[in-house]
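Me: I would like to learn how to read a model of this kind, one feature at a time. Please give the general idea, then the case at hand.

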Amino acid sequence: MVPAVLRSRGPRGVAGNRPVETTGDRACIVDATAGLMFEHGVQNISIDDVRTASGVSGSQIAHYFDGKRDLTRQVIARHVDAIVTVDD
(Lines give C-alpha, C1' and ligand atoms only; values in the text may rest on other atoms or scores of the structure.)
Protein backbone atom coordinates (compact mmCIF):
# COMPACT_ATOMS: atom_id res chain seq x y z
CA MET A 1 0.00 0.00 0.00
CA VAL A 2 1.54 3.28 -1.08
CA PRO A 3 0.29 6.28 0.88
CA ALA A 4 -1.14 9.24 -0.99
CA VAL A 5 1.27 12.11 -1.43
CA LEU A 6 0.15 15.16 0.47
CA ARG A 7 1.23 18.67 -0.38
CA SER A 8 3.08 20.49 2.36
CA ARG A 9 3.88 24.11 2.93
CA GLY A 10 7.53 25.04 2.62
CA PRO A 11 9.25 28.15 3.92
CA ARG A 12 7.04 31.27 3.83
CA GLY A 13 3.97 29.16 3.08
CA VAL A 14 5.06 28.15 -0.43
CA ALA A 15 3.42 24.91 -1.49
CA GLY A 16 5.86 22.11 -2.24
CA ASN A 17 5.74 18.57 -3.59
CA ARG A 18 7.45 16.97 -0.60
CA PRO A 19 5.33 14.22 0.96
CA VAL A 20 4.29 14.94 4.53
CA GLU A 21 5.91 12.43 6.87
CA THR A 22 3.37 9.91 8.08
CA THR A 23 3.50 6.49 9.66
CA GLY A 24 2.36 5.34 6.21
CA ASP A 25 5.81 6.27 4.87
CA ARG A 26 7.47 4.00 7.41
CA ALA A 27 5.08 1.13 6.64
CA CYS A 28 5.61 1.63 2.91
CA ILE A 29 9.38 1.41 3.38
CA VAL A 30 9.10 -1.76 5.49
CA ASP A 31 6.69 -3.36 2.99
CA ALA A 32 8.90 -2.53 0.01
CA THR A 33 11.96 -3.84 1.85
CA ALA A 34 10.20 -7.08 2.75
CA GLY A 35 9.25 -7.66 -0.88
CA LEU A 36 12.80 -7.04 -2.06
CA MET A 37 14.29 -9.25 0.65
CA PHE A 38 11.98 -12.15 -0.10
CA GLU A 39 12.54 -11.82 -3.84
CA HIS A 40 16.31 -11.18 -3.94
CA GLY A 41 17.65 -12.05 -0.48
CA VAL A 42 18.89 -9.70 2.22
CA GLN A 43 22.48 -9.65 0.98
CA ASN A 44 21.47 -8.77 -2.56
CA ILE A 45 19.62 -5.51 -1.93
CA SER A 46 20.81 -2.04 -1.02
CA ILE A 47 19.25 0.97 0.65
CA ASP A 48 19.12 2.54 -2.82
CA ASP A 49 17.04 -0.44 -4.02
CA VAL A 50 14.69 0.16 -1.07
CA ARG A 51 14.49 3.87 -1.87
CA THR A 52 13.54 3.15 -5.47
CA ALA A 53 11.02 0.43 -4.62
CA SER A 54 9.31 2.43 -1.88
CA GLY A 55 9.31 5.74 -3.75
CA VAL A 56 10.73 7.72 -0.84
CA SER A 57 13.92 9.70 -0.48
CA GLY A 58 17.05 8.38 1.15
CA SER A 59 16.66 10.98 3.88
CA GLN A 60 13.23 9.57 4.77
CA ILE A 61 14.74 6.11 5.11
CA ALA A 62 17.50 7.57 7.31
CA HIS A 63 14.86 9.39 9.37
CA TYR A 64 13.05 6.16 10.25
CA PHE A 65 15.88 3.60 10.27
CA ASP A 66 19.50 3.44 11.41
CA GLY A 67 20.62 1.53 8.34
CA LYS A 68 20.03 -1.73 6.56
CA ARG A 69 20.42 -3.84 9.72
CA ASP A 70 17.73 -1.86 11.54
CA LEU A 71 15.46 -2.04 8.51
CA THR A 72 15.97 -5.81 8.30
CA ARG A 73 15.05 -6.14 11.97
CA GLN A 74 11.87 -4.14 11.38
CA VAL A 75 10.88 -6.42 8.49
CA ILE A 76 11.41 -9.47 10.72
CA ALA A 77 9.48 -7.87 13.60
CA ARG A 78 6.55 -7.07 11.32
CA HIS A 79 6.35 -10.68 10.13
CA VAL A 80 6.74 -12.12 13.63
CA ASP A 81 3.87 -9.90 14.78
CA ALA A 82 1.76 -11.13 11.88
CA ILE A 83 2.48 -14.77 12.77
CA VAL A 84 1.70 -14.24 16.44
CA THR A 85 -1.55 -12.49 15.53
CA VAL A 86 -2.62 -15.42 13.34
CA ASP A 87 -1.86 -17.89 16.14
CA ASP A 88 -3.95 -15.96 18.70
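Me: How many residues does the chain have, and what percentage of them count as buried?

Reply: Buried means under 20% relative accessible area, exposed means over 50%, and partly exposed lies in between, with a 1.4 Å probe and protein chains only. Of the 88 residues here, 25% count as buried. The model is predicted: local features need pLDDT of at least 70, side-chain atom pairs count only at pLDDT 80 or more, and totals for chains, interfaces and linings use all residues. Residues are numbered from 1 along each chain as its sequence is written, and side-chain values use heavy atoms, leaving out hydrogens and water.

Me: What does the accessible surface of the chain come to?

Reply: Accessible areas come from the Shrake-Rupley method with a 1.4 Å probe; for residues, only the protein chains shown count as cover. The chain total is about 6,100 Å², and carbon and sulfur atoms hold 55% of that.

Me: Which pattern does the chain follow along the sequence?

Reply: Helices (H or I, at least four residues) and strands (E, at least two) are DSSP runs, numbered from the N terminus. This chain has two strands and four helices, in the order β-β-α-α-α-α.

Me: Where is Ile29 found, and why does Ile29 count as buried or exposed?

Reply: Ile29 belongs to helix 1, residues 23-40. Ile29 counts as buried because its relative accessibility is 0%.

Me: Which residues does Ile29 touch, not counting those up to four places away in sequence?

Reply: Contact means heavy atoms within 4.5 Å. With that exclusion, Ile29 touches Val50, Ser54, Val56, Gln60, Ile61, Tyr64, Phe65 and Leu71. Between Ile29 and Phe65 there are 9.7 Å from C-alpha to C-alpha, at a sequence separation of 36 residues. For the chain, among contacts between residues at least 6 apart in sequence, 50% join residues at least 24 apart.

Me: Val50 is in that list. Where is the place of Val50, and is Val50 buried or exposed?

Reply: Val50 sits in helix 2, residues 47-54. Its relative accessible area is 1%, so Val50 is buried. Beyond four places in sequence, Val50 touches Ile29, Thr33, Leu36, Ile45, Ile61 and Leu71.

Me: With which residues is Thr72 in contact, leaving aside neighbours within four places in sequence?

Reply: Thr72 lies in helix 4, residues 68-87, and is in contact with Met37 and Val42 once those neighbours are left aside. Thr72 is buried because its relative accessible area is 14%.
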